[in-house]
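Reader: I have not looked at this structure before. Please take me through it by question and answer.

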Amino acid sequence: MTTVLDLRRFKAEGRRFAMLTAYDYPIARLLDDAGIPVLLVGDSAAMVVHGHSTTLPITLDEMLVHARAVARGASNALLVGDLPFLSYQGSLEDGLLNAGRFLKEGGMHAVKLEGGRALKALVQRLVEAGIPVMGHLGLTPQSVHGLGGFKVQGKDLASAKRILSDARELEEAGAFAVVLEGIPAALAAEVTAALSIPTIGIGAGPACDGQVLVVHDLLGLTVGHRPKFVKQYANLAEEITQAARSYAQEVEAGVFPGPEHSYGPTISVVADEVKYGG
Ligand code: KIV
């Protein structure tokens, strides 16, 4: 089973690794069997599973339902639960109790939270309580309204410096890894070189220690806009639409179900009634 220590070792050995999101049992099982070492139960579930336009509406209770399903499906991957908007920003105590629920009730091994220096005390508190923490900097989707949209961050010197110093603060507070989302590749390379914990990039170029994608994007299940950083490795949307159409056509034509999908034995209740009376 992959642990937070393995990720540190991967970095020390210069070994890159993949992380994917997962939200349910069958996909978690398939990704785990495929050897993906880290699965993130991301709050992107709000968008790709629940159909919201941002990650903000999903609740901790909803996230826990996804987490439990993923935990039942995966037995090798390191499982990370994404703390949803306002489940950790209120107070240290709220943050601790909510993060703890991911481990206690959700079967996760670690939590992820969005933000830098403002969360340093919370990260320290969680780590002290035995809850491994993954940070998330750059384009932090829970701040979409404050950022004025899903926009690349760290493009000017001041904000690039802030991302680097936030990353250092997270490392100092005890985070075991940091997601870098939507930042220039050169900045991600500098942050990666400056930290001894792994960086995991999404829209942050090739220099990060690991990469993460939303599994629906990878599989071609996402409807609507596809960001530049996404590489689609399959087109399941097309496969699903085609399968559904074929099924409906066969039902309408009386082709499905065929004898191979039907149960025997062939006895006739009507013939029996005619022979022996009802
Ligand atoms: O929720 C999510 O899927 C994420 C990844 C994009 C890192 O936070």
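Reader: Where does Leu-86 lie?

Author: The model is a predicted one, in which local features need pLDDT of at least 70, side-chain atom pairs count only at pLDDT 80 or more, and totals for chains, interfaces and linings use all residues. Residues are numbered from 1 along each chain as its sequence is written, and side-chain values use heavy atoms, with hydrogens and water left out. Helices (H or I, at least four residues) and strands (E, at least two) are DSSP runs, numbered from the N terminus. On that numbering, Leu-86 sits in the loop between strand 3 (78-82) and helix 5 (92-104).

Reader: Is Leu-86 buried or exposed, and what is its phi?

Author: Buried means under 20% relative accessible area, exposed over 50%, and partly exposed in between (1.4 Å probe, protein chains only). Leu-86 has 61% relative accessibility, so it counts as exposed. Most residues other than glycine have a negative phi. Leu-86 is not glycine, yet its phi is positive, near 70 degrees.

Reader: Which residues of helix 6 are buried, and which elements are among those that cover them?

Author: In helix 6 (residues 120-128), the buried residues are Lys-120, Leu-122, Val-123 and Leu-126. They cover an arc of only 160 degrees around the axis (the arc of the directions from the helix axis to the C-beta atoms), so they are on the same side of helix 6. With contact meaning heavy atoms within 4.5 Å, their cover includes helix 5, strand 4 (110-112), strand 5 (133-138) and helix 8.

Reader: Which residue with a positive phi follows helix 6?

Author: Phi at this residue is near 90 degrees. The residue that follows helix 6 is Gly-130.

Reader: Why do the buried residues of helix 9 line one face?

Author: The buried residues of helix 9 (residues 185-194) are Leu-187, Ala-188, Val-191 and Thr-192. An α-helix has 3.6 residues a turn, so residues three or four places apart point the same way. Seen down the axis of helix 9, the buried residues line one face because they fall within an arc of 135 degrees.

Reader: What do the buried residues of helix 9 pack against, and which exposed residues are on the face turned away?

Author: The buried residues of helix 9 pack against helix 1 (4-12), helix 8 (157-173), strand 6 (177-181) and strand 7 (199-202). The face turned away from the buried side carries the exposed residues Ala-186, Glu-190 and Ala-193.

Reader: Where is Tyr-247, and is it buried or exposed?

Author: Tyr-247 is part of helix 11 (residues 236-252). Its relative accessible area is 51%, so Tyr-247 is exposed.

Reader: How many helices and strands are there, and what is the radius of gyration?

Author: The protein has 12 helices and 8 strands. Its radius of gyration (over C-alpha atoms) is set against the globule rule, 2.2 Å times the number of residues to the power 0.38. For 278 residues the rule gives 19 Å, so the protein is more spread out than a compact globule, with a radius of gyration of 23 Å.
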